[in-house]
2 protein chains.
Amino acid sequence: MLAEMAEQPAVLGALLERRPDIHSRVRPLADPAPPGIVLVARGSSDNAAVYGRYLLELVVGRPVALAAPSLFTLYGARVDCRGWLAVGLSQSGETPEIVDVFRRLREAGARGIAVTNDPGSPLAQAGDAVVELGAGEERAVPATKTFLAQLAAFAVIAEALGPVPWADAELEALPGHLAALLDDPRPAREAAEVVGDADGLIAVGRGFQYAVALEAALKLKETALLLAEGLSAADFRHGPIAVMKHAFPVLALSDGGAAAPDLAELEATLRERGAPLLRLGPDPGAELPIPAGVPETLAPIVTVVRAQQLAREVTLARGLDPDAPPGLSKVTRTR
Amino acid sequence: MLAEMAEQPAVLGALLERRPDIHSRVRPLADPAPPGIVLVARGSSDNAAVYGRYLLELVVGRPVALAAPSLFTLYGARVDCRGWLAVGLSQSGETPEIVDVFRRLREAGARGIAVTNDPGSPLAQAGDAVVELGAGEERAVPATKTFLAQLAAFAVIAEALGPVPWADAELEALPGHLAALLDDPRPAREAAEVVGDADGLIAVGRGFQYAVALEAALKLKETALLLAEGLSAADFRHGPIAVMKHAFPVLALSDGGAAAPDLAELEATLRERGAPLLRLGPDPGAELPIPAGVPETLAPIVTVVRAQQLAREVTLARGLDPDAPPGLSKVTRTR
């Protein structure tokens, strides 16, 4: 896991170098403009798709849906997707359920972009265009470099489809930011002490950081065997905040952007309730700091590295092996 | 909470009696057929929307998306929804964020159905058609009768929009099924003993029961202050199942339909891992039984009552007040 995390600046740099090629493959698929976009994924790829869901709807200006695979695989739904754009994500390109649903959306009239590590995989073969992640083989069970490459792939796809809210230089600065974070594991080690031997944790983010909240929680479940749930800050305040009577530790993800005031308000409430609080973001004093000045729409590509480091350190502090969590295998087959 | 749960057969019966009127309001909004449908909700209404997301995509045969409110309220997204159908849900019809997003979708070209208890509310005023829930004032903090009425409203909206996979008699039998369950609280009381003093719980369902898994987990968080997470059975097996090393109790929701074999397989795995298992469904021997023969597409309207009973009994067993959980208020204002 550590070795694969360390590859991330290089994986991201290589993906960004291939931007012109990716743009030229993807751009023709959005002409004429689709009425909507549907994303197909499962597991950590589905968390990357949550980022894609926000980014593509903002940039393309058409509604984006996350597919419900069981509608097709269990209930025989026939859905008219003429003119839609479908994006299928699978690390291996082999997850049968994802390949199946992606194919059916294509057959129902959608144009398809396959996002995968393997350009020879069934998913890639079923697409009109392939975005190759180039993350290489992932051997640790918890996906790290593939997840980060999936986020970056959405950023590059967004560039092909509409005017993006960032400058080229801001995107190109990201590999350097990742390298700096990876060289600085100390904050995550100290944060793991705050988590201590808690049974549960809440990871909370809003807007673009919601995807990272989900992914942080998934990594903490998979590797540290912690009952961690990812929630939107808005949903958290609507009811689940009641559980804070038990003072579970909270990982609060901020990016200094439009959602930051919401997060700050929530953090103040949590402090009053005595929750051990880990702030991840560019704010001064954040326990898990990231560089300032990363646009909110790209920040998940940076914040997720801190979340990976936290999951790894909590896992190690519990005497567990982050590379091979008990009871998991790398490829899960669901219908 | 108990009194409001007990009103549910009558609330459902009254809503079903108003079907012809609801059909005549809703049907014109889907002609011509929309390219897609977008649902706007927050909190427990958002869990009802997950049911609506499955049901309407299956019945209408067009992709259904759940809106991401922050895209509009924080990031200034401009989304072209010409010809789309938007469904906004809010118990009070006053949640500012939901009213705001629903209005913006209407302004962007969508036709709008407002689903609310209050036909004079801002949400209702912003819609082309109103589906009145008729659940009456809800005074307990955890929503029960409103949630059930929202599920039923989606079933009635589905009838207006396409051929539904149930017979009239099956829908009309539901109030009787609810009354029978409400007269039989014993299984939930015994199930609460299985939950015991656990800190966490996983509620798991697939397909149509996924919405109930989310709602069961929310109710257990809000009232019993239990760190409960709702997961799709497919997602659970992809990674989160690792946490079962700690043998958290699992609430497994089945409906005897197409997802049932998946659930049965998962239950066998969980048994091997020694998890305290609560099966909710029509299967013989289920700890939380429901009547056999309810179509899977309507089953959430029945299974959610068992989930409410479980949340209430776990809450009482912990010496807490289900009507007024500490740290929550009835109306939450989020931007």
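Student: Before we start, what are the ground rules?

Tutor: The model is predicted, so local features need pLDDT of at least 70 and side-chain atom pairs count only at pLDDT 80 or more, while totals for chains, interfaces and linings use all residues. Residues are numbered from 1 along each chain as its sequence is written, chains are lettered from A and ligands numbered from 1 in the order in which they are written, and side-chain values use heavy atoms, with hydrogens and water left out.

Student: At what angle do α11(B) and α15(B) pack, and how far apart are their axes?

Tutor: Two packed helices are described by the angle between their axes and the distance between the axes. Axes are lines fitted to C-alpha atoms, for helices over the stretch in contact, and angles run from 0 to 180 degrees between N-to-C directions. Helices are DSSP runs (H or I, at least four residues), as are strands (E, at least two), numbered from the N terminus. Here, α11 (residues 186–195) and α15 (residues 300–317) of chain B pack at about 55 degrees with axes 8 Å apart. That makes α11(B) oblique to α15(B); under 35 degrees counts as roughly parallel, over 145 as roughly antiparallel, 65 to 115 as roughly perpendicular and the rest as oblique.

Student: Which residue classes make up the contact of α11(B) with α15(B)?

Tutor: There are 7 nonpolar, 1 polar and 3 charged residues. Nonpolar covers Ala, Val, Leu, Ile, Met, Phe, Trp, Tyr, Cys and Pro, charged covers Asp, Glu, Lys and Arg, and the others, Gly among them, are polar.

Student: How does α8(B) sit against α15(B)?

Tutor: The axes of α8 (residues 145–161) of chain B and α15(B) come within 10 Å and cross at roughly 170 degrees. That makes α8(B) roughly antiparallel to α15(B). In contact terms (heavy atoms within 4.5 Å), F147(B), L148(B), L151(B), A152(B) and A155(B) of α8(B) meet P300(B), I301(B), V304(B) and V305(B) of α15(B). By class that gives 9 nonpolar, no polar and no charged residues.

Student: And what about α4(B) with α8(B)?

Tutor: Helix α4 (residues 44–60) of chain B packs on α8(B) at about 20 degrees, with axes 9 Å apart. The two are therefore roughly parallel to each other. Their contact has 14 nonpolar, 5 polar and no charged residues.

Student: What area is buried between chain B and chain A?

Tutor: The size of an interface is often given as the accessible area lost when the parts come together. With a 1.4 Å probe and the loss summed over both parts, the figure is about 6,100 Å², of which carbon and sulfur atoms give 60%. Y75(B), L227(B) and H238(B) supply 13% of the area chain B buries against chain A, more than any other three residues. Each chain puts 72 residues into the contact.

Student: How many salt bridges cross the interface of chain B and chain A?

Tutor: The rule wants a side-chain nitrogen of Lys or Arg within 4 Å of a carboxyl oxygen of Asp or Glu, and it finds 8 across the interface. One pairs E229(B) with K221(A) at 2.6 Å, N to O. Over all chains the count is 48. Another is R19(A) with D168(A) at 3.2 Å. R19(A) lies in α3 and D168(A) in α9 of chain A, so the pair ties together parts 149 residues apart in sequence.

Definitions and conventions: Buried area = accessible area lost by both parts, 1.4 Å probe.
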